[in-house]
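Please look over the sequence and the predicted model shown here before reading on. The report below starts from a single residue and widens to the whole chain.

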Amino acid sequence: MNNKYSVEYSLHFRKHSSSEHQVYFTDDPVACEEFLQSLLEKGMGLHAIRHDSVDLPKAEFDRMVKLAAAEVASRLICTSLHIKPEEERYRFGFAA
């Protein structure tokens, strides 16, 4: 059985952008997490995450957002400080 994820988001990273919601679909949980990372990086609106057309429970939604945010933070720290993920994890604790 395929795990089907959908992410409802909006492009409201600008004050006057349309509030129209978009939906991203994938069968791959890794692709879903990567998409969440890109939404967070770009400051886009995240409205819902669904698995098999059912909204994720709040705890699971929060876990996925937290993991995506940690990965984004890790990449930004590594880039800004010119360090490897291993050093970032030791010093800051974000890298997986």
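Ser10 is buried, with a relative accessible area of 1%, where buried stands for a relative accessible area under 20%, exposed for over 50% and partly exposed for what lies in between, with a 1.4 Å probe and protein chains only. This serine belongs to strand β1, which covers residues 5-10; strands (E, at least two residues) and helices (H or I, at least four) are DSSP runs, numbered from the N terminus. If neighbours within four places in sequence are set aside, Ser10 is in contact with Ser19, Glu20, His21, Met44, Gly45 and His47, contact being defined as heavy atoms within 4.5 Å.

The model is a predicted one, in which local features need pLDDT of at least 70 and side-chain atom pairs count only at pLDDT 80 or more, while totals for chains, interfaces and linings use all residues. Residues are numbered from 1 along each chain as its sequence is written, and side-chain values use heavy atoms, with hydrogens and water left out.

His47 lies in strand β3 (residues 45-51) and counts as partly exposed, at 34% relative accessibility. Apart from residues within four places in sequence, His47 is in contact with Glu8, Tyr9, Ser10, His12 and His21. Its side chain takes part in the two polar contacts tabulated here; a polar contact is a pair of N or O atoms within 3.5 Å, of which, within protein, one must be able to donate a hydrogen and the other to accept it, and residues adjacent in sequence count only if both atoms are side-chain atoms.

| Side-chain pair | Polar contact distance |
|---|---|
| Ser10 and His47 | 2.8 Å |
| His47 and His21 | 3.4 Å |

His47 and Gln22 are 25 residues apart in sequence, and their C-alpha atoms are 9.6 Å apart in space. Asp27, which is placed in the loop between β2 (21-26) and α1, is partly exposed at 42% relative accessibility; from Ser6 it is 21 residues away in sequence and 8.7 Å away in space, C-alpha to C-alpha.

Two packed helices are described by the angle between their axes and the distance between the axes. The axes of helix α1 (residues 29-42) and helix α2 (residues 58-81) come within 9 Å and cross at roughly 65 degrees, the axes being lines fitted to C-alpha atoms over the stretch in contact and the angles running from 0 to 180 degrees between N-to-C directions. The residues that make this contact include Cys32, Leu36 and Leu40 of α1 and Met64, Ala68 and Arg75 of α2.

Which residues make up the largest nonpolar core? This core has eleven residues in all, namely Tyr5, Val7, Tyr9, Cys32, Phe35, Leu36, Leu39, Ile49, Leu56, Met64 and Ala68, and the term denotes a set of buried Ala, Val, Leu, Ile, Met, Phe, Trp, Tyr and Cys residues joined through side-chain atoms within 4.5 Å. Two or more residues of the core are given by each of β1, α1 and α2, and the largest share, four residues, comes from α1. Leu56, when residues up to four places away in sequence are not counted, touches Ile49, Arg50, His51, Phe61 and Met64.

Over the whole protein chain there are three helices and four strands, and the elements run β-β-α-β-β-α-α from the N terminus on. Of the 96 residues in the protein chain, 29% are buried.
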